[in-house]
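Here are my notes on the fold, as numbered points. Please read them with the model open.

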Amino acid sequence: MDQDPRQTKTVEMENAKPSSVGRVFVSHSSHDRAAALEIVAALEKNGVPCWIAPRDIPAGVDYNKAIMEGITHSRALLLIYTRRSNASEPVHSEVDRARNRKLPIIPVRLVDEQPTPSLELLISRFQWIDAYPPPLRSHLDDLVRAVQLTLGASMTLVEPAKART
């Protein structure tokens, strides 16, 4: 008898190693999905695996459990900061869980607006990446480099040239 593929995917997700689940958890308001997916595409094109809901949540899996597993198996949280994410309780909860797990938080501002006091408390010590004014694509190279540096993925030690004697 063949195993149900939905059960296989769930088991794979639960047993996955962090690098196969995703290195960067992307927290965003569902209203900002298009921008979030554009950022994910740029990161993944440059070798930075991402975890983003609902793309990485198999059908039938408990959504909140999957979010927690996504955060737990990630090395950083990338916050897509907009007016809508600023007001989103689920986004605040994701940032809180990542901070509780001592993950680096990378806030990417798509708008020039101050965070709510509760979100400010969670992200105030982390350096922002400004990705405005539009278009977003004009900021993607800088964003990718910043994420790679945060993860240590592109850090190389360059030795200064030695003086000839």
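1. Start with a term: a contact means heavy atoms within 4.5 Å. Among contacts in the chain between residues at least 6 apart in sequence, 68% join residues at least 24 apart. Bear in mind that this is a predicted model.

2. Next, the inventory. The chain has 8 helices and 5 strands. From the N terminus on, the order is α-α-β-α-β-α-β-α-α-β-α-β-α.

3. Then burial and surface. The chain has 165 residues, and 43% of them count as buried. Its accessible surface comes to about 10,000 Å². Carbon and sulfur atoms account for 52% of that area.

4. How are the strands arranged? The 5 strands form an open sheet, in the order β2-β1-β3-β4-β5. The pairing is parallel. β2 (50-52) and β5 (129-130) stand at the edges. Each has a single partner strand, so one side of each is left without a neighbour in the sheet.

5. Strand β3 covers residues 76-81, and strand β4 covers residues 105-109. The two pair in the parallel sense over 5 bridges. For leucine 77, the bridge partner in β4 is isoleucine 105.

6. Which strands does helix α6 touch? Helix α6 (residues 89-100) packs on the sheet, and touches β1 (24-27), β3 and β4. The direction of helix α6 makes about 155° with that of β3.

Technical notes:
Residues are numbered from 1 along each chain as its sequence is written. This is a predicted model: local features need pLDDT of at least 70, side-chain atom pairs count only at pLDDT 80 or more; totals for chains, interfaces and linings use all residues. Side-chain values use heavy atoms; hydrogens and water are left out. Helices (H or I, at least four residues) and strands (E, at least two) are DSSP runs, numbered from the N terminus. Buried means under 20% relative accessible area, exposed over 50%, partly exposed in between (1.4 Å probe, protein chains only). Accessible areas come from the Shrake-Rupley method with a 1.4 Å probe; for residues, only the protein chains shown count as cover. Two strands pair if DSSP finds at least two bridges between them. Axes are lines fitted to C-alpha atoms, for helices over the stretch in contact, and angles run from 0 to 180 degrees between N-to-C directions.
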